[in-house]
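Please examine the sequence and the structure shown here before reading the explanation.

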Amino acid sequence: KVWSSPLLYLIPNYGPLLLLGSAFYQIALSPWQLAYALLYPAAWVTVLYGIARIAFDRYVVARSGGLQ
């Protein structure tokens with residue numbers, strides 16, 4: 001391991017990195033780590049999609065006259 005800290009679990013990229021490490025037999029994932037690796041990035045994608053949708057409606061659709 002190069003660097004290990006519990007704060008890494010806050011970074012959305014850490015889940016896929018755990019999966020890559022497991023795929024190449026560098027680490028063994030516990031069940032909660034596997035759930036984290038799959039669900040945490042999906043949660044971020046969902047939240048960011050919602051933010052992007054709101055921004056799109058506000059700045060693109062509304063300015064083109066689509067929402068009145």
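This is a predicted model: local features need pLDDT of at least 70, side-chain atom pairs count only at pLDDT 80 or more; totals for chains, interfaces and linings use all residues.

Residues are numbered from 1 along each chain as its sequence is written, and side-chain values use heavy atoms, with hydrogens and water left out.

Helix H1 spans residues 14-23, and Tyr14, Gly15, Leu18 and Gly21 are buried within it (buried means under 20% relative accessible area, exposed over 50% and partly exposed in between, with a 1.4 Å probe and protein chains only). These residues lie on the same side of H1 because they cover an arc of only 120° around the axis. Their cover includes helix H2 (31-61). Just after H1, Tyr25 adopts a positive phi of about 55°.

Two packed helices are described by the angle between their axes and the distance between the axes. For H1 and H2, the angle is about 140° and the axes are 8 Å apart. On the H1 side the contact (heavy atoms within 4.5 Å) is made by Tyr14, Gly15, Pro16, Leu18 and Leu19, and on the H2 side by Leu34, Tyr36, Ala37, Leu38 and Pro41. By class, this contact of H1 with H2 has nine nonpolar, one polar and no charged residues.

Helix H2 also holds Ala52, which counts as partly exposed because its relative accessibility is 45%. The C-alpha atoms of Ala52 and Ala35 are separated by 26 Å, with the two residues 17 residues apart along the chain.

Note on methods:
Helices (H or I, at least four residues) and strands (E, at least two) are DSSP runs, numbered from the N terminus. The arc is that of the directions from the helix axis to the C-beta atoms. Axes are lines fitted to C-alpha atoms, for helices over the stretch in contact, and angles run from 0 to 180 degrees between N-to-C directions. Ala, Val, Leu, Ile, Met, Phe, Trp, Tyr, Cys and Pro count as nonpolar, Asp, Glu, Lys and Arg as charged, and the others, Gly among them, as polar.
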